[in-house]
Each structure stands twice: as structure tokens, then as C-alpha cells.
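The following paragraphs go through selected residues and the chain interface in turn. The structure comes first.

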Amino acid sequence: MIAIVDYGVGNLKSVYKALEKLGFEAIITSKEEEINQSKAIILPGVGAFKDAMDHLIESGLIDCLKKNVKEGKPILGICLGMQLFYEKSYEDGAWNGLGLLEGEVVRFEDQLKVPHMGWNDLIEGVKDEIGKDINGEYVYFVHSYYVKPKRKEEVLFWTNYGIEVPAVIRKDNIFGMQFHPEKSGETGMRLLKNFGELIK
Amino acid sequence: MLTKRIIPCLDVNKGRVVKGKKFKNLVDVEDPVKLAKFYSDEGADELVFYDITASNENRDIFLNVVEKTAQEVYIPFTIGGGIRTIDDFTKVLRAGADKVSVNSAAVKNPKIIQESALKFGRQCVVLSIDAKKNEEGFWSVYINGGRVDTKMDVLKWAKEGERLGAGEIVINSIDTDGVKDGYDLFITKEIAKCVNIPVIASGGAGKKEDFLKVLKDGSIDGALAASVFHYGEIKIKALKEYLYENDVAIRRIK
């Protein structure tokens, strides 16, 4: 069972439907017991960083998520969900994130069109099982802020938008995708499948 | 490299896709979910669903279409038509939409852009502008399906929309819409020059060359069309190959 965390923001159904289509059991939940019982967690996210953090705090799930991550359960943050893993974001202010990964979330420079929106290709960084057969394929990005990770060795794929942008990250059991795999056609489905297969 | 987007637009009325000329004379075309899936398989980069009735009783039918599409189609889609409140945003995003487009409601109440951008993030707020050169000879913003001239300057409104928090602008030229004689290159490119968010051209695609003309210099991020795709006059896969051969950055379908 994969728990998709419902904390009041984001497009949860698309992720759920994509997992269902791939044959994975999934549940959209905001209940601590269900997250604890799951074999993997997905933290989705569409929206603004502060709003999402506020919702996470209100939901009372932060300790639960941290505990599950510490125990080694695979967790995948999608788009804003990935950004929330980091220490700090400068989206319309300066806000603390979950601090599971080291690095910051910053805005694209002004000479670029913001948001970075559309299909961009994945350039392999560190080889990893989750990215097998993916190099060079296109996935769908929609974001105005991007992660500046402290360690490049945590980046499995980059994408190029004037600058190098981390697209898929991994540190042990923590995974992040800056794009929307559930909206990235066949390539996105394969990445979700690779994540889901970690628990089999 | 970020690619240019090809975006079929599905105008939905009472649960069916329709297409009219210059917003009038609506003709029934197809089941929206079926059509959406077909386009996604053909290589569409994104879809737009436009609720052209936007009356309350048909709203639920429309949301139902959105939900069904989200179950079948794994590419992004935008919902437009009849979006007036934050609650409307929440409903369509919850139903599975990725972006929400506001048009008349944003003109009447610009705060909706600001509030929705703060709540859901700028990236899901699309400002859709119906533009037309009016009787006085300047490019004006029209509302209510192209029936009312607001006398607002199109470029000023685009800039204001960006300032308020819109993450993308769709510029629909009323005069070229449905006529199939090409996008209005002038107003589309003028807008792209004055804002720093993605700009999508809409209204007027009739042949492959029209897409090339609007996308080739790189300033426009995508091209939206309806009837040429619905009636099979242009196949998306062939269109994308044509654009690729003409040096437009494009996501090709294997």
C-alpha cells in the first residue's frame, strides 16, 4: 500500500489514478495510522510553499512523516512535495521546510520566463535503479522555484532551463521529482512504476 | 531544452465537445474524454477544457468530465470557463485539473488572480485574454465570450495579470478565431515582449505553417487550436514532426 498524503493542497487524484493504473494499491490519507501502515509514502504538492507547510503543520503529520522516513520507508515528494524536503524556501518570503535534505529552494533568475512550464528533457546525473532507461526523455515541469541541493551526488537527473535544475533526487529512501510524473505521459508512468517497485 | 507546446482545446457544452466560429454557431463534435485520450496518445503536450455553458446545472456534468479525463489521461490539463471564485478553483483542481484559466471574471475582479496565486501557486493560474482591435483601432480586452468591449488595453492588462500573479497568458484573437487563416502574430508577439511568463497563442490555426509561423522565433511557448484537430485536418503527430524538421524545439512521439 502506498500512502498519498492528503494535507489539503494539491492534485491528489491524478497521482492516485496513475498508481492504480500501474497496478499499485494506493490510498489518499491524512491519518497517521494509515501512513504508518503503508509500505511507501508519496508527498504530492501543487501550490505555494508557505501554504503547504502551514497545512502540513495543521495536519499534525510532520512527526509521523519524519518517523517513517527515519525508519527507512521510501518516500517520494512530487514537485512542491520534493521542495518541502529541504531546509528552507525563499518563495514569497523565507520559510522553513521539513529539513530532511540539505539545500534551499530559490526562484529562477528574472531573465528566464517563470514559471518553467512545459516538457523538458532529463539528463542523467548519478545512475540509479529508479532512473533506468530514462535518459533523454521528456517530462512535464511546472514550477517557479527550484532546489539548490548541497550535494550534487543526490541528483539522479538534471534538466536544463538556462541553468541546471535538479529534476530527480535521491538520498537513501528519500526521493523527489521536480516535475509531475503523473502528468508526464508514458515516461512519467515508468518512473512511478520504478518507485512503486521498490516496495515489492 | 524546454519544448514548445501543442495544445488542443476542447470546448465542452453539456458534456460534449463543440466548436463554433467566432464563438457562435456551436456544432457538436465528440465525447471529451475519448477525444482527450486520443490527443494524448497522438502527442498533445497539454489539453484545455473550456466549459462554454458555465451555467450551474451543467457545472456538475463538466466536473464529471474533468474527473473522468484525469482517470484516463496522463498529461496536464487546464480548465477554463465559469471560474469566478476561489471555491471554483478548488473544485476543478480537486477534480484533477492542473491549471485553471480565468478570463471575464479576472477583468471584473482582478483580485481573483492574486488570491488564487497565493493559495495554489502562480503556476496554476492562467490568464486568458480575448483580444480584438476595436472600432477605435486599438487592441482591446473583450469579455463575456467576445461580446463586450472593456476598452482596456490588451498589453496593459497582460502586464497587470502577470503582476497580480498569473503564471501563464493565453491570448485569443477574436478576429482570427475559427477563421483558420493563422494566429494573430502581431498581438501575440507584442504580449510576449512585455511579460516574462509563458504566452500561448490561440485562435486561427488552419494549417501546419500557421503553427510554425507563431512558434519559430521562440518567443511564444505554445499554440492552442481546436477545430483543425477535432476534424482531423491536422494530425498532432505529423504536425510535431513538421515543426521538429523546421528547427522548433518539440517533444516528439515515438
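This is a predicted model: local features need pLDDT of at least 70, side-chain atom pairs count only at pLDDT 80 or more; totals for chains, interfaces and linings use all residues.

S104(B) lies in helix 4 of chain B, which covers residues 104-108. Beyond its neighbours within four places in sequence, S104(B) is in contact with I143(B) and N144(B). For N144(B) there is also a specific atom to point to: the side chain of S104(B) reaches its backbone nitrogen at 2.9 Å.

The interface between the two chains comes next. On the side of chain B, 37 residues are in contact with 38 residues of chain A. The size of an interface is often given as the accessible area lost when the parts come together. For chain B and chain A, that area is about 3100 Å², with 49% of it on carbon and sulfur atoms. The rule for salt bridges finds five of them across this interface. In one salt bridge, the side chains of D221(B) and K113(A) meet at 2.6 Å, N to O. Which elements of chain B give two or more residues to the side that touches chain A? They are helix 2 (56-72), helix 3 (86-94) and helix 5 (111-120). Sorted by class, this side of chain B has 16 nonpolar, eight polar and 13 charged residues.

The next group of residues comes from an annotation. An unreviewed UniProt entry lists C79(A), H180(A) and E182(A) under "active site". These residues span 104 residues in sequence, but no two of their C-alpha atoms are more than 10.8 Å apart, so the three gather at one spot.

Two of the listed residues can be followed in detail. H180(A) is placed in the loop of chain A between strand 14 (174-177) and helix 6 (185-196), and E182(A) sits in the loop between strand 14 and helix 6 as well. Are H180(A) and E182(A) buried or exposed? H180(A) has 7% relative accessibility and so counts as buried; E182(A), with a relative accessible area of 2%, is buried too. Their side chains are joined by a polar contact of 2.9 Å.

The surroundings of each can be listed, leaving aside residues up to four places away in sequence. H180(A) touches G45(A), V46(A), I78(A), C79(A), Y140(A) and V142(A). C79(A), one of these, is itself in the UniProt list. E182(A) is in contact with S14(A), V15(A), A18(A), I78(A) and L192(A), and also with Y74(B) of the other chain.

The last stop is W158(A), found in strand 12 of chain A, residues 155-161. What relative accessibility does W158(A) have? The value is 13%, so W158(A) counts as buried. Leaving aside neighbours within four places in sequence, its contacts include D121(A), L122(A), I123(A) and G125(A), along with K152(A). Further along the sequence, W158(A) is in contact with E164(A), V165(A), P166(A) and A167(A). W158(A) and V168(A) are ten residues apart in sequence, and their C-alpha atoms are 6.9 Å apart in space.

Conventions
Residues are numbered from 1 along each chain as its sequence is written. Chains are lettered from A and ligands numbered from 1 in the order in which they are written. Side-chain values use heavy atoms; hydrogens and water are left out. UniProt positions are given in the numbering used here, feature names are shortened, and annotations may be inferred rather than shown by experiment. Helices (H or I, at least four residues) and strands (E, at least two) are DSSP runs, numbered from the N terminus. Buried means under 20% relative accessible area, exposed over 50%, partly exposed in between (1.4 Å probe, protein chains only). Contact means heavy atoms within 4.5 Å. A polar contact is a pair of N or O atoms within 3.5 Å; within protein, one must be able to donate a hydrogen and the other to accept it, and residues adjacent in sequence count only if both atoms are side-chain atoms. Buried area is the accessible area (1.4 Å probe) that two parts lose on being put together, summed over both. A salt bridge is a side-chain nitrogen of Lys or Arg within 4 Å of a carboxyl oxygen of Asp or Glu. Ala, Val, Leu, Ile, Met, Phe, Trp, Tyr, Cys and Pro count as nonpolar, Asp, Glu, Lys and Arg as charged, and the others, Gly among them, as polar.
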